[in-house]
Amino acid sequence: MPKILAFSGSIRRDALNRKLIQVAVDAARAAGGDVTLIDLADYPLPLYNGDLEDRDGLPDNALRLKALFKDHDALLIASPEYNSSIPPLLKNTIDWVSREWRGESGLVPYQNKVAAIMAASPGQFGGMRMLPHLRQILNTLGVLVLPGQFSLPGADEAFDEENGALKSPARLHDLVLELVNTTDSLKQA
């Protein structure tokens, strides 16, 4: 059973991407994934600053996140788009986790990982412009990002108000099933 670390690149209480990641987590569990859903609000980090790192080392939350990344086989990320790119919260998290620590390469938490990326937005592009940027960053760190991705335009009207379910989940379920199957196949190899 592949271990999947899931999180949203937004910490707003009613964020569309928090809703999306919850739907994706439910689908991943139904597909046989062992999913750990985290909220980045529980891991506050200062803005990355090399002088701060030199003086104080890695913040405790960076070390906690680094351990979580290393303990999982795959990443499931839903993120908003900020000015056609990834939000600062997500970039800062990725950057802190990628720092060298006690002689261990900062790439270790990302090596041999598979990722599925997705975005939700009330706009017509559904966060689509952010996804190539996130893909490039993760690929650079050594993550195998699945070729498929999911963007949800009109996300403010895409969820059932009563139960939070996605009204048209087929494409999302396909992506999550691919993440579980690909990760499982690579683990077996």
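**Ground rules.** I number residues from 1 along each chain as its sequence is written, and side-chain values use heavy atoms, with hydrogens and water left out. As the model is predicted, local features need pLDDT of at least 70 and side-chain atom pairs count only at pLDDT 80 or more, while totals for chains, interfaces and linings use all residues. Helices (H or I, at least four residues) and strands (E, at least two) are DSSP runs, numbered from the N terminus.

**Helix 1.** Then I looked up burial (buried means under 20% relative accessible area, exposed over 50%, partly exposed in between, with a 1.4 Å probe and protein chains only). Buried residues of helix 1 include Leu16, Leu20, Val23 and Ala27. Glycine 32 follows helix 1, with a positive phi near 105 degrees.

**Strand 4.** Seven of the seven residues of strand 4 are buried, so the rest of the structure largely encloses it. Val114, Ala116, Met118 and Ala120 point one way, and Ala115, Ile117 and Ala119 the other. I also found strand 3 running parallel to strand 4, joined by five bridges (strands pair if DSSP finds at least two bridges between them). Isoleucine 77 sits opposite isoleucine 117 in strand 4.
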